[in-house]
Amino acid sequence: MDKEIQISVDNVSMEYIIDRNGIKSIKEYVVSFIKGNLKVDKFQSLNDVSFSVNKGEVFGVIGKNGAGKSTLLKVISGILKPSNGSVKVHGTIAPLLELGSGFDSDLTGYENIFLNGSILGYSKQFLEENYQKIVDFSGLGDFIYSPIRTYSSGMMMRLAFSIAAVIVPDVLIVDEILAVGDAAFQKKSKQRMKELMSGGTTVLFVSHDLEQIRTMCDRVVWLENGKVRALGEADEICSQYKKESEN
């Protein structure tokens, strides 16, 4: 029986235009354009990337800094539109990318649960029914009524992960977020991720911790300079990556 594909990434490229002109007004831009003095560089963050992720699979993304990992997750999450290619995702997505994304720093943790939850596509009634579960899992206690701007990075991670993990999305996207916070919460987060995995949630997971990738993921894509360097079983790809990194 064929496995059900949850995420399809087909020939995706992402190109950025970097302005080297230091122009501060429209007039300066027009003058420079007429004179032919505009200076721009093109940066290819992703280059013809293709792979698919099966429903219920834990899929790892590895590579050095600047390899295109975070850009890839943003494209899959729908935050960025690729320059070329296409991405198809079946089901609801909970992206845990930069800490604080989807939060309003002037609002309390309580208010941000409903703000962030609505961004993820959940109703007010659903969030009210699951509110106490989210707060209990986060362990924030009375800090839930304090503005987000007073939170440490660890506290923000607790809240972001708790909203996403308690809600149970079809696809959970995690970018290095489990590296933040105290050891006790990291342990609880990993346990929750394992529960989500066993319950059928598809997980995309980025981490520089190869052992974490090796033990938690089924398959891995290795990105290098925006391209797919290798794709395969987690143990095999992690071993290749580690061997080359040590040389």
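Q: Ser45, buried or exposed?
A: Ser45 counts as buried, with a relative accessibility of 5%; buried is under 20% relative accessible area, exposed over 50%, partly exposed in between (1.4 Å probe, protein chains only). This is a predicted model, where local features need pLDDT of at least 70, side-chain atom pairs count only at pLDDT 80 or more, and totals for chains, interfaces and linings use all residues. Residues are numbered from 1 along each chain as its sequence is written, and side-chain values use heavy atoms, with hydrogens and water left out.

Q: Which strand is Ser45 in?
A: Strand E2, residues 40-54. Strands (E, at least two residues) and helices (H or I, at least four) are DSSP runs numbered from the N terminus.

Q: Switching topic, how many salt bridges?
A: Seven, each a side-chain nitrogen of Lys or Arg within 4 Å of a carboxyl oxygen of Asp or Glu.

Q: What does Arg214 pair with?
A: Glu211, with the closest N and O atoms 3.3 Å apart, and Asp235, at 2.7 Å from N to O. Arg214 is in helix H7 and Asp235 in helix H8 (residues 234-246), so that pair ties together parts 21 residues apart in sequence. Glu211, Arg214 and Asp235 form a network of salt bridges.

Q: And how accessible is Asp235?
A: Asp235 is partly exposed, at 47% relative accessibility.

Q: What about Arg219 and Glu57, buried or exposed?
A: Both are buried, and their side chains form a salt bridge of 2.5 Å, N to O.
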